[in-house]
Structure formats: structure tokens, C-alpha cells
Amino acid sequence: MSKVLVREPIAEAGIRLLQERGFDVDVDADSDLAETIGRYDAIVVRSATKLTAELIERGERLKVIGRAGVGVDNVDVDAA
């Protein structure tokens, strides 16, 4: 089962949708992202989480970065 980290608040309906599709979803805005990102296949962020090249590199299992909202100025797109 793929693990998804929802790093910032999103609608409960969005979380339910992921769960209904068979994803194991953790909602966690407080842990040290550098320490936890490696456990996940996908991450959902909004504007407050900055996904730097270093963080993305630590996400050894990451296949998907989902950005809820507009723009990707907080995601190092080249590293992704």
C-alpha cells in the first residue's frame, strides 16, 4: 500500500478520497520533515511547506508531490 503524507491542512473530503482509493494517509504537520519524508511514496503540501532539493533527495520513495493550491514556488521543480 502506498503511503501518503498530507503535510498541511486540506479538506477532509480530499483525505477520505485518498483513503477510499487505497492509500495509507498520514496527516502530520508537526514532525521533522527531513526525518519522515523517506517513509512516504507521495506528499501533499500547500504553500507553507518548502520542498527543497535536500528534502526531495531524502524522499527516497517519493513518486508524487501534490501541491494543493496555485503555483509551485515552494517546490524545487528541477530537483523533483
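Trainee: Why does Lys-63 count as exposed?

Mentor: Lys-63 has 64% relative accessibility, so it counts as exposed. The cut-offs are over 50% relative accessible area for exposed, under 20% for buried and partly exposed in between, with a 1.4 Å probe and protein chains only.

Trainee: Before we go on, what kind of model is this?

Mentor: It's a predicted model, where local features need pLDDT of at least 70 and side-chain atom pairs count only at pLDDT 80 or more, while totals for chains, interfaces and linings use all residues. Numbering starts from 1 along each chain as its sequence is written, and side-chain values use heavy atoms, with hydrogens and water left out.

Trainee: Okay, back to Lys-63. Where does Lys-63 lie?

Mentor: Lys-63 is in the loop between H3 and strand S4 (64-67). Helices (H or I, at least four residues) and strands (E, at least two) are DSSP runs, numbered from the N terminus.

Trainee: How many helices and strands does the protein chain come to?

Mentor: Three helices and four strands. From the N terminus on, they run β-α-β-α-β-α-β.

Trainee: And what radius of gyration does the protein chain have?

Mentor: The protein chain has 12 Å, which agrees with the value near 12 Å that a compact globule of 80 residues would have. That radius is taken over C-alpha atoms, and the globule rule is 2.2 Å times the number of residues to the power 0.38. The C-alpha trace spans about 30 × 25 × 20 Å along its principal axes, and buried residues make up 30% of the 80 residues.

Trainee: Let's go inside. Which residues make up the largest nonpolar core?

Mentor: There are eleven: Leu-5, Leu-33, Ile-37, Tyr-40, Ile-43, Val-45, Leu-51, Leu-55, Ile-56, Leu-62 and Val-75. Strand S3 (42-45) and helix H3 (53-58) each supply at least two residues of this core. Another core lies apart from it, with six residues, including Val-6, Ile-15, Val-25 and Val-44. A nonpolar core here is a set of buried Ala, Val, Leu, Ile, Met, Phe, Trp, Tyr and Cys residues joined through side-chain atoms within 4.5 Å.

Trainee: Pick one for me: what does Leu-33 touch?

Mentor: Not counting residues up to four places away in sequence, Leu-33 touches Leu-5, Arg-7, Ile-43, Thr-49, Leu-51 and Leu-55. Contact means heavy atoms within 4.5 Å. Leu-33 lies in helix H2 and counts as buried at 7% relative accessibility.

Trainee: Changing topic. How many salt bridges does the structure hold?

Mentor: Four. The criterion is a side-chain nitrogen of Lys or Arg within 4 Å of a carboxyl oxygen of Asp or Glu. One of them joins Asp-24 and Lys-3 at 3.3 Å, N to O. That pair links distant parts of the chain, 21 residues apart: Asp-24 is in strand S2 (residues 24-27) and Lys-3 in strand S1.

Trainee: Which other residue forms a salt bridge with Lys-3?

Mentor: Asp-26, with the closest N and O atoms 3.4 Å apart. Lys-3, Asp-24 and Asp-26 are linked in a network of salt bridges. Asp-24 is partly exposed at 28% relative accessibility, and Asp-26 is partly exposed too, with a relative accessible area of 24%.

Trainee: What about Asp-41, which side chain does that one meet in a salt bridge?

Mentor: Arg-61, at 2.9 Å, N to O. Asp-41 sits in the loop between helix H2 (33-36) and S3, Arg-61 in the loop between H3 and S4, and the two are 20 residues apart. Asp-41 is buried with a relative accessible area of 8%, whereas Arg-61 is partly exposed with 35%.

Trainee: Last one: is Glu-8 buried or exposed?

Mentor: Glu-8 is buried yet has no salt bridge, and the nearest side chain of opposite charge, Arg-46, is 5.5 Å away. For charge, Lys and Arg count as positive and Asp and Glu as negative; His and the chain ends are not counted. Glu-8 lies in the loop between strand S1 (3-6) and helix H1 (12-20).

Trainee: What polar contact joins the side chain of Glu-8 to another side chain?

Mentor: One of 2.7 Å, to Thr-49. A polar contact is a pair of N or O atoms within 3.5 Å; within protein, one must be able to donate a hydrogen and the other to accept it, and residues adjacent in sequence count only if both atoms are side-chain atoms. The backbone nitrogen of Ala-48 also lies 3.1 Å from a polar atom of the Glu-8 side chain.
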